[in-house]
Amino acid sequence: MKNMFSRKQLGIPYGLFLVLFVAAPLLVLVYYAFTDGSGKFSITNLLNFFTDPNTLGTLCYSFVLAIVTTLVCLLIAYPVAYILAHSKIKRKAVILLLFVMPMWINFTLRITALKEILSLIEGNLAFYPFLNTVIGMTYDFLPFMILPLYTTLSKLDKSLIEAAADLGADNFQTFIKVIFPLSVPGIVSGVSMVFLPAMTNYVVLDMLYNSTYIMGSLIGSYFSAYDWHNGSMIALILLIIICIVSLISGDSDSEESGRGGALL
Amino acid sequence: MEEKVKNIIELKNICKVYDDNGFKAVDDFNLEVKRGEFVTFLGPSGCGKTTTLRMIAGFEMPSSGKILLNGEDISQLPANKRPINTVFQRYALFPHMNIYDNIAFGLKLKKLSKDEIKKKVKRVLSIVDLEGFENRKISTLSGGQQQRIAIARALVNEPEILMLDEPLGALDLKMRKEMQLELKNMHDRLGITFIYVTHDQEEALTMSDKIVVLSEGKIQQIGTPEDIYNEPQNAFVADFIGESNIFKGIMTKNMKVRFCGGEFAGMDDLPEGTLVDVVVRPEDVIITKPEEGAISGEVVSVIFKGMHYEITIESGKYEMVIRTTKCYKVGDKVGMQLEPDGIHVMMAEDHTTSFVTTVNSDYTLDFNGKVINCNLADIVPKSHMKDGNLVDENGETVDVSKIKVIVSLQPYDIKMSDETDAGLVSGKIIDLIYKGDHYSYVIRDEYGHDLIVDDEYLWNMDDQVGLIMPEDKMKFQIKK
């Protein structure tokens, strides 16, 4: 009997999707970024980006916000993942689930609930816009930090920890010299999974009444003013920044003997 | 001055019970190790040898008992405070460090100077024959080289005891043989006490000064390799170490022992009539002409093994495996003779199965809800049945609710069945030993007790079986 489809043909839908929704928009983005209103090639948009203090300030604010969010996530997630991976608790999976479960609740609902709680505590959300945003984003992204860390730490060969103790290291020394270095791949994948979306996610800001612009909202504001050209350029630059960050983290990920804990 | 402690390490009544499932991994373990000895823990997987090693190293704490190092109790000391280093089963080298940092790990923690560390690392690398490997990555090493690095990393700390947990398990045969000799040499040169864990009897016999044979968490025998091989203390040791024929026998007059349908002169002086297990090594059997042997039989199989032939001879209902350099054909009639020193006699263990039952109101016995019929009047002294009641000598009814009856059975009276609910109890076969004309099975029943059943047919390990216990074979006795 003849096979109607070869295995290669199963890739056609994906290929089409790739062309229509990834490659084509990218080309459009590049086209708009390097043209002016009359459709001629121009680098004004690029110059605009680096001369407009507003844009640069937004970039900085986005960076700071993303870094702080990532750090807070890491500080919360590492102990949680460590305790879960190394304890003999019987219902580990259930506890892990409790941390991951918020992801299953509608995003808008979650942030709305958080908004209510925060305004109950602070009275007016406008008092601490930065803090509120960090809390909101941490809440949103924490599972993405816990899961890769948990995977890396629980895959860590227990005999390495025993070997360290055997050679005279106390618990703290074992952590600094063995456990932490070996969990770096998990940290890297956790960080890239939190840092990159935190750079661009402006929905949380929006919903928590933080009126400061970050990169995502800046692009949105250009687009809603029908300035496709400057908006596209910002989007393109952001894309390049993200590419660079992923390349760096991807590099160190593979260097660490591929013990990475990418779970999602 | 105080007397110098000769034993570097002593284990006293060590028990290990796991909290989560109540499993008793090590049961009343007593051992003395002299300074500089090469001691091997030998046993099948799950016998408790690794658990014992882990308790000495400090990765696990004993549930009870003491571990004395140079006379001092260290049983509650954490691993990093013990002058003991371990070579792990899978080496456990740190993958994020190069070889130098791996070996220097312990020295750096001791805050030694850089020069000193460098010198020591260099020296230990020359001991394991890997000079110049300092800057290599772990992932570039072969299994054998990783093994050596693991040994170097432990040795560089100059431990009082070096623990080795099946260190050669992951190597191929040739490499394993080489490393065995190398480890032995290393031990002789360094004078450090080695405690070695393995399930490989040949490895244990080759390397050790002293072997501790373990099974089911209990010590079966402690002795030199020669002792263990030539004078096994029980059927388990005989079966586990080397090839052996094991028979049931009985002592007769003048140090003679009767087994396998013949009478042989032995070397063990036991009272006449003692039931014994007899071990005969395949290489100790002398093949003679049929009429000249103490017993005779027919060759039923011949296997060429390179150095020798392994032939199986059937004599009556018994089977004996023999090693010989001469070739025989299947069907040949031969006689067999044994020198006195080729016969190893062990006291037969008491394998009676017994369990406690309560008495039902209708004078039957209750064993976990199952009913056993018996004549209580025969068991309860000075009692008889009258009008359907059990009465004592004064004619008063005996209160049977307080009476407990012990039921006992011999291994050969219990029958095994494929149907797990066919008998009083069911269980899993966890061990079996061939004893010439039948197999002796160890069965762990549903309540966690082990019992011995003899059966002439071969069942498989881990088979679930029902145990049928015929009531007419049971012996009853009142529990005091």
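Predicted model: local features only at pLDDT ≥ 70, side-chain atom pairs only at ≥ 80, totals over all residues.
What percentage of the 480 residues of chain B count as buried? The share is 34%, where a residue is buried if 20 or more other C-beta atoms, placed from the backbone, lie within 10 Å of its own.

View 1. Residues are numbered from 1 along each chain as its sequence is written, with chains lettered from A and ligands numbered from 1 in the order in which they are written. The C-alpha trace of chain B spans about 95 × 65 × 50 Å along its principal axes, and chain B holds 9 helices and 32 strands, taken as DSSP runs (H or I, at least four residues, for helices; E, at least two, for strands) numbered from the N terminus.

**View 2. Helix α1 of chain B.** Because 9 of the 9 residues of α1(B), residues 49-57, are buried, this helix is largely enclosed by the rest of the structure. Among them are K49(B), R54(B) and M55(B), and just after α1(B) the residue G58(B) takes a positive phi of about 100°.

**View 3. The contact of chain A with chain B.** Chain A gives 16 residues and chain B gives 19 residues to the contact, two residues being in contact if their C-beta atoms, placed from the backbone, lie within 7 Å. On the side of chain A that touches chain B, α7 (158-166) and α8 (171-200) of chain A are the elements that give two or more residues, and α7(A) gives the most, with 6 residues.

How values were computed: Buried ≥ 20, exposed ≤ 12 C-beta atoms within 10 Å, placed from the backbone.
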